[in-house]
Amino acid sequence: MGDRGGTGSSRRRRTGSRPASQSGGGPAAAEEKVRDVGAGGDAPAPAWDKDKDEDADVGSHSWDLRCHRIQDSLFSSDSGFSNYRGILNWCVVMLVLSNARLFLENIIKYGILVDPIQVVSLFLKDPYSWPALCLLIVANVFAVAAFQVEKRLAVGALTEQAGLLLHVLNLVIVLCFPAAVAFLLESITPVGSVLALMVYTMLFLKLFSYRDVNLWCRQLRARAKAKAKAASAGEKANGGVATRTGPISYPDNLTYRDLYYFLFAPTLCYELNFPRSPRIRKRFLLRRLLEMLFFTQLLVGLIQQWMVPTIQNSMKPFKDMDYSRIIERLLKLAVPNHLIWLIFFYWFFHSCLNTVAELMQFGDREFYRDWWNAESVTYFWQNWNIPVHRWCVRHFYKPMMRRGSSKWLAQVGVFLASAFFHEYLVSIPLRMFRLWAFTGMIAQLPLAWIVSRFFRGNYGNAAVWVTLIIGQPVAVLMYVHDYYVLHHEAPTAGP
């Protein structure tokens, strides 16, 4: 102990000759003391030994006792501190506890409302009539029609103008035919109509992309023939991502196998050669299937047990135009609606799309990006639904830019198209046109400007979350109220 103490004393005397500005203050000197104490080869002295040494030096080296330095509080943005994991865990615990209280309150008030048999009635009115399924089977007619047009365009049996006319006619029918059936056929349910119209909307976007890409391939082949006077140059210019069976070039891609692979693949943008995964991972696939099953049951239970009673209790305040009660019901609906939306996002974009991709060995699994970190409304819409975003950029936004449109006009065009399809998927199944979904999508344009102009960083992210949590329940209540008035109050008001 004596040797170790002597060594530490000599080291401290040498350190004391340094200027205070170079020593780094009290903490640095304390760290050097710890190193000096351990210099003799033994373990570092306990904290109480160090405290005795510091107390012995109070008279001669008082500056060694400084314990303060210029530093920011951890919650200040200038501190550089970013580890808030404990606060995040606290938020999760509080969220679980608060929702558990609401869930118990709901059970006590309404009892068990979950009824699997009632779910079946949402899809079928008559067990011997399956109109939505029949619509899905008929969808093959339009896919085959687009394929046959492309086959004839590839061999020159049709002119480009005639092919364009046939494609436009086919795409218009793809949108109008299921809408007419859903609107006029009484035996189809609103939920069945939504599912059928969603499939036809995806078919419309896929066939639009199918036509565009094959057109681009013909244009590349024509330019290559004009330059090199050889068809092989056009095939090489087309190229593609290499697969296990080798790249496919136009027009060898025009097969039923290629068409239906694209129709079932979890993408809206057609390519001649999709990136492929080497094998099907059975464990990964099993996890996704179990997730799909679990979250399907959870979604159905939450909607029946939590959301439906809240919506039913909101009709009277709307009828009486009691604005305070309307706001209270809106805020009460916001929590279950947002939770269901988040579960649906994970169920569809992660579990379902990954399941389909794994079965088809589809290699590109970027179905979403970090939209939860969005600091602007525009960033959210660009990253929460990657398949739709890629289609909009590739087949709508960039073509408008190439035709001379401004960036702002192209963005407005994308939002108008999105607003149309949102209204298409809601108003037709409900058999009423109120344009709430259309208005909500168009309102994203001024909202995006306001958030980007007045909110930045974490405040912008909070503003995006507020719009998601509050905006959706407003649209839900508007449609439910109008549907209730149209189908329940109107018949009783006649007599």
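Reading helix packing and aromatic pairs

Tutor: In this predicted model, helix α8 (residues 160–184) and helix α9 (residues 190–228) pack at an angle of about 175°, with their axes 9 Å apart. Helices are DSSP runs (H or I, at least four residues), numbered from the N terminus. Residues are numbered from 1 along each chain as its sequence is written. Local features need pLDDT of at least 70, and side-chain atom pairs count only at pLDDT 80 or more, while side-chain values use heavy atoms, without hydrogens and water.

Student: How are α8 and α9 oriented, roughly parallel or roughly antiparallel?

Tutor: Angles run from 0 to 180 degrees between N-to-C directions, and those over 145 degrees count as roughly antiparallel. Helix α8 is therefore roughly antiparallel to α9.

Student: Which residues make the contact?

Tutor: Contact means heavy atoms within 4.5 Å. Among them are Leu164 and Phe177 of α8, and Leu197 and Phe208 of α9.

Student: How is a pair of aromatic rings described?

Tutor: The distance of the centres and the angle of the planes describe such a pair. Rings of Phe, Tyr and Trp (its six-membered ring) pair if their centres lie within 6.5 Å; planes under 30 degrees apart count as stacked, over 60 as edge-to-face and the rest as tilted. Trp371 and Phe380 have ring centres 5.8 Å apart and planes at 85°, so this pair is edge-to-face.

Student: Are Trp371 and Phe380 buried or exposed?

Tutor: Buried means under 20% relative accessible area, exposed over 50%, and partly exposed in between (1.4 Å probe, protein chains only). Trp371 is buried at 4%, and Phe380 is buried at 3%.

Key: Helices (H or I, at least four residues) and strands (E, at least two) are DSSP runs, numbered from the N terminus. Angles under 35 degrees count as roughly parallel, over 145 as roughly antiparallel, 65 to 115 as roughly perpendicular and the rest as oblique.
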